[in-house]
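This briefing is for a reader new to the structure. Please look over the sequence and the model before reading the points below.

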Amino acid sequence: MRKGRWLLLTLVAALASAAAATRTVDDWEILRVPVKPFVVTDLDGRALRLADLSGKIVVVDFWATWCRPCLKELPGLADYHRRLAARSDVVLLSLNVGEERAEVEAFLKRSPVSFPVYCGDALVEPLELAAFPTKLILDVRKPGPDGTALLRFRREGLTSVASIEARVADLLREEP
């Protein structure tokens, strides 16, 4: 009988742990995963380091010009970016993936996007991206001693700005 109880308790603990690891809210994965320092460059070759974002909540959008849901989101994200311009605590970081700079530049000339776009190819593997668009919300308000941020939320697929704002508001209510 003792073995049976131990086995049952072990199974319950394992299931609880798995459920906690995949908690979600509004289709966002709730996480606390360290993100190592990184450097991305914009289309003009200017570098942006994770350390440059210290003290902020960072909404990261990974997208591509061939991705219809990505393109559908761009006008709303452009408006969100304009609204964030007056804030010092939240920033939107737009990362194009898998395309040549010239191709992205040509697309941007025809689009409503007014925010800087960075090349995100180097982050696809470390951040385990598998679908586009993907949104990540990083907490960089108090970087770790090694310069890491915390990945707090992750969502794949079409995402409304209202949903992004709700997750950012969740983080801003927490102590960093």
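This is a predicted model: local features need pLDDT of at least 70, side-chain atom pairs count only at pLDDT 80 or more; totals for chains, interfaces and linings use all residues.

In which strand is Arg152 found? Arg152 belongs to strand S9.

**Arg152**
- With a relative accessibility of 5%, Arg152 counts as buried, because buried means under 20%.
- Leaving aside residues up to four places away in sequence, Arg152 touches Glu29, Ile30, Leu31, Arg32, Ile137, Asp139, Leu171 and Glu174.

**Largest pocket**
- The volume of the largest pocket is about 300 Å³.
- Its lining consists of 14 residues, and Val33, Pro34, Pro126, Leu127 and Leu151 lie nearest the centre.
- Strand S2 (28-35), helix H4 (121-124) and strand S9 (149-156) each contribute at least two residues to the lining of the largest pocket.
- Of the elements, S2 gives the most to this lining, with four residues.
- Eleven residues of the lining of the largest pocket are nonpolar and three are charged, while no polar residue is present.

**Second largest pocket**
- The second largest pocket holds about 160 Å³ of space.
- This pocket is also lined by 14 residues, and those nearest its centre are Arg32, Asp139, Lys142, Leu150 and Pro176.
- At least two lining residues of the second largest pocket come from S2, and at least two from S9.
- S9 has the largest share of this lining, three residues.
- The lining of the second largest pocket divides into seven charged, five nonpolar and two polar residues.

- In soluble globular proteins, nonpolar side chains tend to be buried together.
- The largest nonpolar core has 28 residues, and the ones with the most contacts inside it are Tyr80, Leu108, Phe115, Val117, Ile137 and Val168.
- At least two residues of this core are supplied by each of S2, strand S5 (57-63), helix H2 (68-84), strand S6 (90-96), helix H3 (101-109) and helix H5 (161-173).
- H2 gives the most to this core, with six residues.
- Apart from this core lies another of 22 residues, among them Val35, Val60, Leu138 and Val140.
- Tyr80 touches Val59, Val90, Val161, Ile164, Glu165 and Val168, not counting residues up to four places away in sequence.

Definitions and conventions
Residues are numbered from 1 along each chain as its sequence is written. Side-chain values use heavy atoms; hydrogens and water are left out. On a 1 Å grid over the protein atoms alone, a cavity is a set of points where a 1.4 Å probe fits but cannot get out, and a pocket is an open set with protein on both sides within 12 Å along at least five of seven lines; lining residues have an atom within 4 Å of a point. Grid points are joined across faces, edges and corners, and a volume is the space filled by probe spheres set on the points. Ala, Val, Leu, Ile, Met, Phe, Trp, Tyr, Cys and Pro count as nonpolar, Asp, Glu, Lys and Arg as charged, and the others, Gly among them, as polar. Buried means under 20% relative accessible area, exposed over 50%, partly exposed in between (1.4 Å probe, protein chains only). Contact means heavy atoms within 4.5 Å. A nonpolar core is a set of buried Ala, Val, Leu, Ile, Met, Phe, Trp, Tyr and Cys residues joined through side-chain atoms within 4.5 Å.
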